[in-house]
Amino acid sequence: MREKTVEIGLYGIGVIFLIIILYPLYFIVIASVSEPSAVLAGEVWFYPRCITLDGYRELLKNEKIWTGYRNTVFYTIVGTTVSMLVTVPAAYALSRRDFKGRKPFMMFFLITMFFNGGLIPTYMTVTKTLHMGDTFWVMLLPFCVNVFNLIIMRTFFESSIPQELWEAAQLDGCSSIYYLGRVVLPLSKAVLSVIMLYYVVAKWNEYFTALIYIRNNRLIPLQIVLRDILIQNESMASNMMGAEAIEAAKKANLIKYSSIIVGTLPMMILYPFLQKYFEKGVMIGAVKG
């Protein structure tokens, strides 16, 4: 009976935390389709008031939105592919105990987690040395490796792929590349899905790199487009007086909520398909028999 009470209590606490986490997202959804005046008056709590899609209409009629979507999808797909093509071989090489230089190389990667050259030297390197400033390459190549993801994948290869598999593959005349592609990767679907999800979310939400290095409107990602639209509407509202200022503020507020949904909806749709791999990958290494 006591165990049952504890279990019910834990489920109750879990439900409370779930509501606390999900309600802000739910509020943004209902606020994006509610009358702005009702939202500003605090009348929107559990269901939308005076449903309107004006925020989405105003947002989606801007041609820059579609350019931003196109660029962001391109940066996400190609950027994630490049990142995985670099991260997987690097993590595999660093996990091999017979790789003599793995400790110095690992230390080289770890240092970058604590120290960097600073924004100005990095900017000069990317624009003057690599000549990638204001090109789509800057969104794909210079910052393609996340060291944290690299360490996760290296740790998985070290702890979850038995050394005996490599020894058996060697007896069959298997090369390192063939072994990686035909043995290691099929056994690593969980961690591959997790790392890919991390990269997809990071690439989709990429903002700072584009803000610093891209000036061409044809290359800017969705996040920069949404930022520009929000700033434009808020500045218009601040420059008006009287009733016009109130209406402009309502419009800016509605567009703000709509832009959050427009920017996050693809990730919300994608996540359920990778959730089972994500949960499994997060638990990798947590319990050892």
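A: Thr72 has a relative accessibility of 1%. The cut-off for buried is under 20%, so Thr72 counts as buried. This residue sits in helix α4. The model is a predicted one, and the values here are computed from it.

What does Thr72 touch? Leaving aside residues up to four places away in sequence, Thr72 is in contact with Trp204, Pro221 and Leu222.

Helix α4 spans residues 63-95. α4 also has a part in covering another helix. Together with α7 (147-160) and α8 (163-171), α4 is among the elements that cover the buried residues of α9.

Now α9 itself. This helix runs over residues 176-184, and its residues Tyr179, Leu180 and Val184 are buried. They lie on the same side of α9, because the arc they cover around the axis is only 100°. The face turned away from that buried side looks different in exposure: Ile177 and Arg182 are exposed there.

Cys50 is not a glycine, yet has a positive phi of about 50°. Cys50 lies in the loop between α2 (36-40) and α3 (54-60). Its relative accessibility is 58%, so Cys50 counts as exposed. Asp134 is another non-glycine residue with a positive phi, here about 60°. The loop between α6 (119-129) and α7 holds Asp134. With 31% relative accessibility, Asp134 counts as partly exposed.

Next, the whole chain. The protein chain has 13 helices and zero strands. Its radius of gyration is 24 Å, whereas a compact globule of 289 residues would have one near 19 Å. The C-alpha trace spans about 80 × 70 × 30 Å along its principal axes.

Buried residues, Thr72 among them, make up 35% of the 289 residues. Take the contacts between residues at least 6 apart in sequence: 72% of them join residues at least 24 apart.

Definitions and conventions: Residues numbered from 1 in each chain as written. Predicted model: local features only at pLDDT ≥ 70, side-chain atom pairs only at ≥ 80, totals over all residues. Heavy atoms only, no water. Helix = DSSP H or I, 4+ residues; strand = E, 2+ residues; numbered from the N terminus. Rg over C-alpha atoms; globule rule 2.2 N^0.38 Å. Buried < 20%, exposed > 50% of the residue type's maximum accessible area, 1.4 Å probe, protein only. Contact = heavy atoms within 4.5 Å. Arc of directions from axis to C-beta.
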